[in-house]
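Colleague: I have a few questions about this model. Could we go through them one by one?
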Amino acid sequence: MQKFLLYLPYSDFIDYYEHKALGAIPIGFVQAGFDVSLIVGVMRSANYRKNKIRIYETGNLDDRYVKTDASSGMAIKPRLLNFFNISEYKRVLKILKKENPGILMAYNNSTLTWLIMWRYKIYCRTRKVKTRLILKLDNDGSDLIGMNGIRKIAIRSYYRVLSHIFNDIITETSCGYEVFHNLPGVKKKLRVVPNTVFDDFLKHNNKERDKTIIAVSRITPVKGLDILIKSFKLIAERYPDWNLKIIGAVGDVEYFSSLKETSGPSFLGKRIVFTGEKTREELIDIYGKASIYCLFSEHESFAISRLEAIAMGLYVITTPAGCANDLIKYGVHIIEDNTPECGSKYIEEGIKAIESGFFKENIIKIPSYKDIAGEIADNTVRVG
C-alpha cells in the first residue's frame, strides 16, 4: 500500500479543519486506498483521531513562528524564529525518515519547510527512497501582485528555491496559476488542483425548497453583506414571500451593528435573519431547503461555501472573487458590478428563474476529495 503524508507546519488542528482541505485531503487519500500520515503542531480534534490516519504532533504552533498579522510587513522576527526552530526541524525530519512516504505534501506557510524538504530529499537520494514532493500553496498569490523592492526579490528567490526542491507545486485556482507561473522556476512544476467539498455535501436529496436566499460567511466588511442586504431590500416588496438568511459567526461587532441598522426594524427578525454559526449538519439542512445562494465578497481565496451551495443544487450568484470564472462550468452567475443595483438585478433574475421552473440545478459532477486525491497522486513517476 502506497504511503501519503501531509505536513501542516505549526498547525493548531481543530474540529473545523476536518471538513476543509487541511483535514479532508488526508481522508480522501484514505478513501483512495493509501496508507496516510499527518504531521501537525497540535491535534485538538478528538473526532479526527478516529480516522485511519496516523497523527504526529510537533508541539509547535503558529502564534510564535508564523506571521498572522497582514499589517506587519515582512515580520522578520517570527520568520527568523521559524527558520531557526531546531525542534521542528529534527522532529519532522525524524518522522519523514520513519515513514518514507511515496507522496509527501507540505503547505508553504513556513520558511523552514524548504530546508526540511531539501534535507529529506538528500536522504532519499542516498537511501534510494522514492518520494514525490508536492508543495501546496495556501494562498491565491494576490498579495504578490504589485509587490516591489526587496520584498519582491526575496519572494521570487524563495519560490525559485522551492521549485528546485519540489516535484510539483499545487495552487487552487487558475487565478493563482496566472500569478505563480510568472515566478522563476515555478511554471514547469505548477498545477491547478482545486479544493472541493466534503462528501456530506455531495449526498443530498432533491426536496421542496423554501423561497429563501442565503449567504454563508463570517460577518466582516470584506464579505459585502451590506451590499447583499441593500440588494435584497430593493426588490423585497415585489417578492413578499422571499426571505434572506445570513449564516455565520460575527467577526466584526461594529460591522454587524451597521448591518442590523441597514436591515431596518421592519425586516430584521422577519425577512432578513442573522442565524449565527451553524454546525455542518445544520448547514447541510439549510442548503437543502434554500433556493438561492449569494456571495458578494470583495476578496476570497477559494470560497468553499460557494462550492457547497453548487453541490447542494442552489442557484448561485457571486462576485468574481475567489476566481469565480473557474466555476462557470457549474452554472454560477457572476455579477458585473458589486453594487446594490446590480445585485438586486441578479437576485431578481434568480427568483424569476426558480419561480418559473426554468432553473435546473447543476448536473456536472463536483469531484470528491477521493477524486482530488487521485488527481494529486497522478503522475507519480516524477520523483527525485
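Colleague: Which cysteines form a disulfide, and how far apart are their sulfur atoms?
Modeller: Cys-175 and Cys-323 form the disulfide, with their sulfur atoms 2.1 Å apart; the term denotes a pair of cysteine sulfur atoms within 2.5 Å. The model is a predicted one, in which local features need pLDDT of at least 70, side-chain atom pairs count only at pLDDT 80 or more, and totals for chains, interfaces and linings use all residues. Residues are numbered from 1 along each chain as its sequence is written, and side-chain values use heavy atoms, with hydrogens and water left out.
Colleague: What is the handedness of the link between Cys-175 and Cys-323?
Modeller: The link is right-handed, with 85° about the S-S bond. The pair joins distant parts of the chain, 148 residues apart: Cys-175 is in helix 7 (residues 174-180), and Cys-323 is in the loop between strand 14 (315-318) and strand 15 (333-334). Helices (H or I, at least four residues) and strands (E, at least two) are DSSP runs, numbered from the N terminus.
Colleague: Is Cys-323 buried or exposed?
Modeller: Cys-323 is buried, at a relative accessible area of 7%, whereas Cys-175 is partly exposed at 37%. Buried means under 20% relative accessible area, exposed over 50%, and partly exposed in between (1.4 Å probe, protein chains only).
Colleague: Turning to the core, which residues have the most contacts inside the largest one?
Modeller: Phe-29, Leu-38 and Tyr-287, in a nonpolar core of 55 residues. Such a core is a set of buried Ala, Val, Leu, Ile, Met, Phe, Trp, Tyr and Cys residues joined through side-chain atoms within 4.5 Å. A second, separate core of 37 residues includes Leu-115 and Tyr-120.
Colleague: What does Ala-377 touch beyond its neighbours within four places in sequence?
Modeller: Ala-377 is in contact (heavy atoms within 4.5 Å) with Phe-29, Phe-34, Ile-103 and Arg-132. Ala-377 lies in helix 13 (residues 369-377) and is buried at 12%.
Colleague: And helix 5, how far apart are its end C-alpha atoms?
Modeller: They are 21 Å apart, which agrees with the 21 Å that its 15 residues (113-127) should span at 1.5 Å a residue. The expected span is 1.5 Å times one less than the number of residues. Among the buried residues of helix 5 are Leu-115, Tyr-120 and Cys-124.
Colleague: What follows helix 5?
Modeller: Lys-128, whose phi is positive, near 60°.
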